[in-house]
Amino acid sequence: MSIDRRAALLRHAVAALLLGWIAFWFVYEVDALRRAAAAPPNPGVVGQWRLATPRAEAFGHWVTKMGPQVPQGAVVVFTSSTGSTTQDFFLTLWAAYHLPRARVIPLQHPQAWKTGEYLLAYDTTVDETPDGRRLSVTAADHVGVLYRIDAADDGPLAP
Amino acid sequence: MSVLVVAFVTAACVAVGAGLLAAAGALPWPPAAAGRSARAAAAFEAAALAFVAGLVACFLLLLAFDLAGVPWRRRTLVPGLAALAAANLAAGRYRRRRGALTVPVAGAPPGWGDGAAGVAVAAVAWGCWSRLAAIPDFVYHWGAKGKRYQQAGGIDYAFLADPLRLTDHPDYPNLLPSLYAATAHLRGFFDERAMLLFSPLFVAAAVLAARGALVRGTASPPYRQGGTAAVALAAAMFAIGYRMAGGGDLVVSLALLSALPALLPAAQDAAVEGRGARDAAAATRADDLRLGWAAALAAAVKIEGVPLAALLIGVRWWLGGAGRRFAVRRLPRLALPAAAVVVPWAAANLVHGLFQENNTGSWDGERLAVVARAALEVFATREWHGLPWLLAALPAVLLVRRLRPAAALLLAQAGFYLAVYLTSPVDTEFYVLSSLPRLLYHLLLPALVLYALALAPRQSGRK
């Protein structure tokens, strides 16, 4: 067999191996998608949430349900029962996605109590603000509560 | 309805782009002698090129609406798109009567690789329909912006400049969120499925562009089919596994692959083989125009697409084709579409103060070790299944003269990514780990095309 012929055979073998490798892993990923479609993953870590996963869908439905109570452009402070800054940050991003009419920030944001007009509490309740402003319930269900944060000078009239 | 609205937007983009390319005499078409099946396959390739040009042209229409204070609503978008498509198609018809509709290109009949590519695109479409293949950034960034622009009836600079905003990348070019916002208006609401269904179209167009590069790079039929299949299967493998649907990286990859044929000098020879200098000049002009629109698409989607566009234009300008290298008169057709996208974007970013501090920084060589460690981790990304290691062979392609410009371009873009990692004042390891797997998608698919061309025996009768 000539050197040219051997080189050609080697080239064909490399190309065929590469194509076979890619095709194998393509089938593998499609099968993983099939399994995910049959039983969608349901990660507890919010950073791993994806569209069409049960927790993300339920959260989206809840935020969308609360949405009409929030005026266009209002600053909405978000908090939850997770107790984790990272989890709350990602939940806030999901809430902002489902509430495009509002400016959604996490409770940990330095401007939260200064600029917040509404407080969206997911799976938790809030009784008081750090600066003594009143919280009035705008909407509530078994998942969470939407509060209106009264302006600082809206407090009860002095006697 | 999700499918119908995406079909409408796609048809509008293809009509606008086909008209534009035809009017400029840059619509590729094989000669009648190529046979019916080859002509049918070439029609798909031409449609993919028209889609690229049409996406940019429709985005420019949206920008014009924005500048003129015309809100994006169904009542403004439908007549606007219809008028743009009609005007471009009329211009194309006018040019056809004058005999300048198309540039002859080599055609190739469909085969088993095209069938495999169809299966791959269908798999991506399934992932998008189920929404399970959606990228997390669709929620954090691309889709969130699309919803805001839909609400605002245009690009919402107040939102992008809002100091309370959490959404990332306020300084990115706006083609994709604008496409989503316009589609949402046509649909009546923000339909996630409709938005995600653009992704398989981007993959399909990218695969058709890769096929075009393989045909024009004169790969022999088995390598042409194998190369097409490899690009499509690899694109789908990663898009499904890593969940890339709805993000901008698929579009950057589409732009790069669409520009690839114009970076293959041999393609020029094949296209104008046996023809006179006039046809050679026409083919050069057509390649310049097609690359110009592809570069504009890259620049309209992601911030790293802007230097990519500059590189594409620079390499093509240097190549020259049948014309002179660095001829000034070629510059408008190469760079005008990209300039039309970049100038308004840069001006708006400057006016609204959107450029981010982490876009610039000083060179820090000490980051190199961190980048290398993180890159090794990324190369082992499960969803890539080892394919990034193929990029190690890219410098060897520089030895193949006809593939050298394209390989040099890919290496230069990789060098740009490395430079960003070495200069950005952010957590370097996190930056590499979170972005490099997606950036590899830009480089790997064109690299697969180059490998197929490098390995393939040249077809007889061609240089």
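The buried residues of helix H1 of chain A pack against two helices of chain B: helix H4 (112–129) and helix H10 (221–241). Keep in mind as you look that this is a predicted model.

Which residues of H1(A) are buried? They are A:Leu19, A:Ile22, A:Trp25, A:Phe26, A:Glu29, A:Val30 and A:Leu33. An α-helix has 3.6 residues a turn, so residues three or four places apart point the same way.

Now follow the whole of H1 in chain A, from residue 3 to residue 38. This helix has 36 residues and reaches 52 Å from its first C-alpha to its last, close to the 52 Å expected at 1.5 Å a residue.

Let us turn to the partner, chain B. Its secondary structure comes to 19 helices and two strands. The radius of gyration of chain B is 21 Å, close to the 23 Å that the globule rule gives for 463 residues, so chain B is as compact as a globular protein of that length. Along the principal axes, its C-alpha atoms fill a box of roughly 65 × 55 × 45 Å.

What about the inside of chain B? Of its 463 residues, 57% count as buried. Among the contacts in chain B with a separation of 6 or more, 84% come from residues 24 or more positions apart.

Note on methods:
Residues numbered from 1 in each chain as written. Chains lettered and ligands numbered in written order. Predicted model: local features only at pLDDT ≥ 70, side-chain atom pairs only at ≥ 80, totals over all residues. Helix = DSSP H or I, 4+ residues; strand = E, 2+ residues; numbered from the N terminus. Rg over C-alpha atoms; globule rule 2.2 N^0.38 Å. Buried ≥ 20, exposed ≤ 12 C-beta atoms within 10 Å, placed from the backbone. Contact = placed C-beta atoms within 7 Å. Expected span 1.5 Å × (residues − 1).
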